Amino acid sequence: MAYAKNGSVWGVDAVAIGAILVVGMYLSMFGISRAIEPAFAVQMWTLFAALLAGLIGLVGVMGADKARAPSRYENGVIKAGVIASMFWGVAGFLVGLIIALQLAFPDLFYFSEWGFTNFGRLRPLHTSAVIFAFGGNVLIATSFWSCSARAARAGWGLVALVCVLGLPAFIVLAGTGYLEGVTEGREYAEPPWYTDIWLTIVWVAYLLVFLGTLWKRQEKHIYVANWFYLAFIVTIALLHLVNNLAVPVSAGSWQSYSLFSGVQDALTQWWYGHNAVGFFLTAGFLGIMYYFIPKQANRPVYSYRLSIIHFWALIFLYIWAGPHHLHYTALPQWAQTLGMTFSIMLWMPSWGGMINGLMTLSGAWDKLRTDPVLRMLVVSVAFYGMSTFEGPVMSIRAVNSLSHYTDWTIGHVHSGALGWVGFVSFGALYCLTPWLWKKKQLHSLALVDWHFWLATIGIVLYITSMWVAGVMQGLMWRAYNEFGFLEYSFVETVEAMHPYYAIRALGGGLFLVGALLMAYNLWRTATGKEPAHERASDVPVLAAPVAAE
């Protein structure tokens, strides 16, 4: 990572990345030549085009050979992450609205000759785009701001850029595959084997940047937010590698066989599935909470000791909660009970973290009246508390017998996804944009207010309609007449859902409108003509050797 004499910062990392791109292009051409399925050939051409674009971009950066002064900051990488986050957020919310409308109006965008417009193809595209593209880019950008790229020497910049651009490349490859019907059929783990390999490379680069920065840091103390970020990165790597162990059918096919079978495969999948929620959508975003709420409120964390208890309890308990997804299945009952027990125990650390986040505003509650960004961050913590109360309740076997397979689960997931993950992400992006583009404030706080209320009303409409619909579904499915036959046919339960599906689509539409207002607000903030506003921590410093620790 050493600097060249002319000030260029690209060195061994550029050579290594170029080699990976070239090898990837060769392997994709090999896959094209061996393809036995048209969908696989299209996937390999997509991969080749993405890698070629990356190689051209790499050569362009190196050819420019711009002298760059050594700096503590890699804000360009974080800017790319903010832009990617907003793009994929809007795209994912739009696809979510389309499939919500398709459930209410089944003929919408249904063409028998065009399978890629159907619900079954669009649904995994929505989940992957929102969770991994939007949420993943938010996590990378915010973690780089709070630790990695803020503290790393500029030589890490190219590796960090691989993370920011490599993750959307993964989504493009996986998403185009979904539209063609290419899927593993595993919740949150639908991408085929070759996209899993690419994601592994991206994740290793992410881990290297983060660990390298912690190793070279000038501040000995590691702030608690970075504990959560590191736990999220390491655990997701473990989950991804184990759950996606598979044997490809051939080098010319997207299909593969899981290394596990039967109930072991189901248990491994939901060990992954629930902990993808627990560590990707919870631990990572708790890092955002612990950094951005104190920063925006200009208050210290309420209790550092509580934050450490929150961290270790969450890490030790969450990893065991997955079996509660497999109640009333072939999984041994002791394993089901284990998952239920640890899920209930998660109440304690989860609510401890919620209390810590909310109490950080002690002495600063008045700021909620004038700062809509802080209001959005605080409401996200309230949704975190609500979701982490509802989840353990739904893990109880008796409750799960009613809720499982119903839209109650959909309401629960989206109360966490839209209320917790969405709001804390929006708040972080609202904070980052003026900081990164050196603006005194956002273009319009009024638009943030509009976004807050549109999104809040949309979330309330969404989750309440799904709660009512889910409970009604469960009760209708278990209703018997006096002759011992089912009272309602399945078609009757589907028909009863129609008004609730329409309300859900309305809520999703309001959420999307709010996101569009946000995208406009951030764009106007970044491109505004006001003079640059230098924050004290943004002033560049001359390179200095890092003291040995």
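Rings of Phe, Tyr and Trp (its six-membered ring) are taken to pair if their centres lie within 6.5 Å; planes under 30 degrees apart count as stacked, over 60 as edge-to-face and the rest as tilted. By this definition, 36 aromatic pairs are present in the structure. The model is a predicted one, in which local features need pLDDT of at least 70 and side-chain atom pairs count only at pLDDT 80 or more, while totals for chains, interfaces and linings use all residues. Residues are numbered from 1 along each chain as its sequence is written, and side-chain values use heavy atoms, with hydrogens and water left out.

One of the aromatic pairs joins Phe93 and Phe511, whose ring centres lie 5.2 Å apart with planes at 85 degrees, so the pair is edge-to-face. Phe93 belongs to helix 3 (residues 75–104) and Phe511 to helix 18 (residues 498–527), so the pair ties together parts that are 418 residues apart in sequence. Here helices (H or I, at least four residues) are DSSP runs, numbered from the N terminus. Both Phe93 and Phe511 are buried, a term that denotes under 20% relative accessible area (1.4 Å probe, protein chains only).

A further edge-to-face pair is formed by Phe132 and Phe280, with 5.3 Å from centre to centre and 75 degrees between the planes. Because Phe132 lies in helix 4 and Phe280 in helix 9, this pair ties together parts that are 148 residues apart in sequence. Phe132 counts as buried at 12% relative accessibility, and Phe280 counts as buried at 3%. Phe132 and Phe280 also belong to one aromatic cluster with Phe144, Trp203, Tyr206 and Phe232.

The packing of helix 4 on helix 9 (residues 262–297) has an angle of about 40 degrees, with the axes 10 Å apart; axes are lines fitted to C-alpha atoms, for helices over the stretch in contact, and angles run from 0 to 180 degrees between N-to-C directions. Helix 4 and helix 9 are therefore oblique to each other, the class left when angles under 35 degrees count as roughly parallel, over 145 as roughly antiparallel and 65 to 115 as roughly perpendicular.

The axes of helix 4 (residues 119–146) and helix 8 (residues 224–243) come within 11 Å and cross at roughly 135 degrees. Helix 4 and helix 8 are therefore likewise oblique to each other. Leu139, Thr142, Ser143 and Ser146 in helix 4 meet Asn226, Tyr229 and Phe232 in helix 8, where contact means heavy atoms within 4.5 Å.

Note on methods
Helices (H or I, at least four residues) and strands (E, at least two) are DSSP runs, numbered from the N terminus. Buried means under 20% relative accessible area, exposed over 50%, partly exposed in between (1.4 Å probe, protein chains only).
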